[in-house]
Amino acid sequence: MPVNLLEDDVQSQSGADEKEYHWTLNFGPQHPATHTTLRLVLDLDGERIVKATPHIGYLHSGFEKLGEHLTFNQYVTIVDRKNYISPPMNEVAWHNAVEKLLDIELTPRCKYIRVIIGELARISDHLLCTGAAALDLGAFTAFLYAFNTRELIYDVYEQMSGYRFHPGYTRVGGVLYDFDEKVFQRIDRVVQHMPKVLKDMEKLLFRNKIFLDRMRGVGVLTKEMATDFSCTGPIARASGVTYDLRKDQPYLAYPDLEFQVPYATEGDCYARFQVRMEEMVQSVEIIRQAVKNIPGGPANVAIAEKYPLPDKATAYNSMEGLIQHFELIMPNRGPDSPVDEVYAAIESPNGELGYYLVSDGSQVSWRTRTRPPSFIHFSVFPHIIKDHLIADIVAVLGSLNIIAAELDR
Amino acid sequence: MTENDAETLPPVVGQLKDRFGSAISTVSTFRDNVRVLVDRSRLADLLAMLKAESGFGLLAELGGVDYLGYPGRDREFRFEVHYVLLNQETHERVIIKVGVDADDPVLPSAVPIWRGADWMEREIFDMYGIRFQGHPDLRRILMPDEFTAFPLRKDYPLRGRGERHNFPRITREQS
């Protein structure tokens with residue numbers, strides 16, 4: 001009976017108006033556009049997102065628990081794997097906290113070395129983030145330009161430490177090896193290459209209508225929201241918070257170096273993208289200055305300080321060095337740390353990366369709490385994605401730069 | 001932890017002492033950290049005051065610590081939760097610490113004050129089993145829902161207790 005069917009249709013349609021009916025869609029855990037394992041459960045009204053519920057923890061492997069069982073020097077390998085896009089910055093953050101706990105003042109050369117590897121990591125992180133954001137919105141060429149350039153940075157890592165991906169380069173009171181001439185040559189290649197890459201990416205993206213339409217006005221995070229949600233780093237700076245630990249609570253060699261803190265006020269995906277692009281320009285400038293002004297002298301604090309591992313030449317060629325090496329490496333030995341706790345943070349590519357260390361007097365921390373920027377930024381996501389379309393998820397996720405290993409730890 | 005002279009402490013500590021008096025049990029400094037140990041009953045008021053009046057607008061970090069078996073520990077509480085607050089105008093930081101009872105680990109939630117506390121409190125609940133009263137959605141965040149233990153407690157072994165093998169398995173027929 002076709003007439004009745006039609007009436008039924010009309011009735012059911014009017015019924016739908018009275019009671020809201022939402023689709024549920026699982027986005028992830030392994031979606032090609034999320035780059036990492038995270039699952040979003042979406043409540044949809046058509047294509048409009050009514051509610052997004054993130055489920056995380058797929059990569060959780062208890063890094064903080066491991067921190068209670070590894071010594072200050074050993075844990076640097078775990079730290080590397082937290083944010084695998086910019087490992088040296090995590091190392092700098094970790095040993096920054098340890099050295100604050102042990103009250104070690106680094107040598108001037110080491111401060112500059114750490115600034116250089118940190119800023120290289122920042123460029124590497126931002127290159128991948130902006131490149132991948134472009135890739136997700138269809139701009140494949142820009143991604144290749146960005147990704148190719150990261151190879152040059154890996155070359156620096158390889159030359160300085162022997163490892164391309166997870167350098168594990170910092171040590172308590174210093175670094176694994178001092179920079180040699182070849183490292184500076186490779187850094188120089190990065191510095192010379194970067195301006196052209198950034199210009200190319202700008203040309204490819206900044207007047208690309210598809211890119212602009214999908215980024216502008218999407219995922220707006222207001223200044224008040226950014227502070228309320230504990231956001232830091234480029235995400236907060238794109239919303240008008242100009243806070244930057246490098247300027248406002250200077251550490252390492254940053255007080256000696258001249259640079260600007262870029263910020264925007266729109267708070268949308270495009271603003272976050274622009275802030276990251278400009279930060280890369282500033283980072284190149286910082287590296288150029290740091291390489292030019294790097295002081296001479298030792299890279300590690302003297303072994304008389306009792307904490308730093310002596311380098312190989314000292315350990316094999318002097319009695320003092322050998323004893324010191326043994327004292328640090330043998331189980332149940334090693335210097336004491338104060339029975340106290342400390343919080344220390346630095347400005348990582350994604351924002352404030354802090355460690356809350358509780359020490360019980362041994363070489364292993366009692367509690368290693370990481371303040372992970374990605375975790376905090378992802379908690380904003382359900383709020384800023386509301387009332388957007390499914391297609392916008394990709395743009396917002398890309399601009400928040402979620403690293404699942406740091407999210408889950 | 002050493003009790004320092006009043007001159008070396010930032011003015012906000014004086015304000016807190018005036019307002020909350022006996023609820024503040026210890027004020028200590030170490031390196032550049034200033035720690036204020038506050039009683040649980042006044043925690044929410046103290047955090048709200050710091051945000052509204054003293055300009056500590058950013059909850060930079062929120063985490064828990066288990067002190068079971070910690071050397072020289074004579075305080076009554078097994079757990080402590082720390083709130084690292086940042087004043088973005090003056091660049092000051094202050095760490096608020098609060099002790100949590102082992103038998104009934106409950107704290108007032110900071111979500112009404114900072115929405116950023118939402119996930120960080122869920123993580124503390126997940127890892128230590130500390131419950132936050134007034135939290136809008138206190139669920140496990142990193143561990144699966146079927147997990148019953150609290151893995152960052154000191155009496156939980158590094159290699160686990162084999163929980164993973166006891167999780168219910170869903171076969172293709174059941175799904």
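Residues are classed by relative accessible area as buried (under 20%), exposed (over 50%) or partly exposed in between, with a 1.4 Å probe and protein chains only. The structure is a predicted model, in which local features need pLDDT of at least 70 and side-chain atom pairs count only at pLDDT 80 or more, whereas totals for chains, interfaces and linings use all residues. Residues are numbered from 1 along each chain as its sequence is written, chains are lettered from A and ligands numbered from 1 in the order in which they are written, and side-chain values use heavy atoms, with hydrogens and water left out.

Salt bridges were defined by a side-chain nitrogen of Lys or Arg within 4 Å of a carboxyl oxygen of Asp or Glu. Side chains of opposite charge can pair when their charged atoms come close. Over all chains, the count comes to 40 salt bridges. Secondary structure elements are DSSP runs numbered from the N terminus, with helices (H or I) of at least four residues and strands (E) of at least two. In one salt bridge between D228(A) and R115(B), the N to O distance is 3.2 Å. This pair crosses between chains, D228(A) lying in helix α9 (residues 223–228) of chain A and R115(B) in the loop between β6 (106–108) and α3 (117–128) of chain B. R115(B) counts as partly exposed because its relative accessibility is 35%, while D228(A), at 15%, is buried.

A further salt bridge is formed by E68(A) and K154(B), whose closest N and O atoms are 3.3 Å apart. E68(A) is placed in the loop between α2 (63–66) and α3 (76–80) of chain A and K154(B) in the loop between β7 (131–133) and α4 (163–166) of chain B, so two chains are joined by the pair. E68(A) is buried at 9% relative accessibility, and K154(B) is partly exposed at 24%.

Within chain B, D155(B) and R78(B) meet through their side chains in a salt bridge with an N to O distance of 3.4 Å. The two residues are 77 residues apart and link distant parts of the chain, D155(B) being in the loop between β7 and α4 and R78(B) in the loop between β3 (58–66) and β4 (79–86). A relative accessibility of 43% makes D155(B) partly exposed, whereas R78(B), at 15%, counts as buried. In chain A, one network of salt bridges with shared partners joins E119(A), R122(A), R237(A), D244(A), R246(A), E279(A) and E347(A).

Aromatic contacts were also examined. Rings of Phe, Tyr and Trp (its six-membered ring) pair if their centres lie within 6.5 Å, and the planes count as stacked under 30 degrees apart, edge-to-face over 60 and tilted for the rest. The structure holds 23 such pairs over all chains. For Y154(A) and Y157(A), the ring centres are 5.9 Å apart and the planes lie at 65°, so this pair is edge-to-face. Both tyrosines belong to helix α6 (residues 140–161) of chain A, where they are three residues apart, about one turn of the helix. Y154(A) and Y157(A) are both buried.

The rings of F206(A) and Y270(A) are likewise edge-to-face, because their planes are at 65°, with the centres 6.0 Å apart. Here distant parts of the chain are linked: F206(A) lies in the loop between α7 (181–205) and α8 (209–215) and Y270(A) in helix α12 (residues 269–293) of chain A, 64 residues apart. F206(A) is partly exposed at 23% relative accessibility, but Y270(A) is buried at 7%. The face of Y270(A) also carries R216(A), at 5.1 Å from the ring centre; a charge sits over a ring if NZ of Lys or CZ of Arg is within 6 Å of the ring centre and within 35 degrees of the ring normal. R409(A) lies over the face of F375(A) at 5.2 Å from the ring centre. One aromatic cluster is formed by F72(A), Y75(A), W94(A) and Y355(A).

A nonpolar core is a set of buried Ala, Val, Leu, Ile, Met, Phe, Trp, Tyr and Cys residues joined through side-chain atoms within 4.5 Å. The largest such core has 177 residues, of which Y83(B) and I96(B) touch the most other members. Helix α5 (residues 108–136) of chain A provides the largest share of this core, eleven residues.

In helix α14 of chain A, L328(A) is buried, with a relative accessible area of 12%. The C-alpha atoms of L328(A) and G138(A) are separated by 52 Å, and the two residues are 190 residues apart along the chain.
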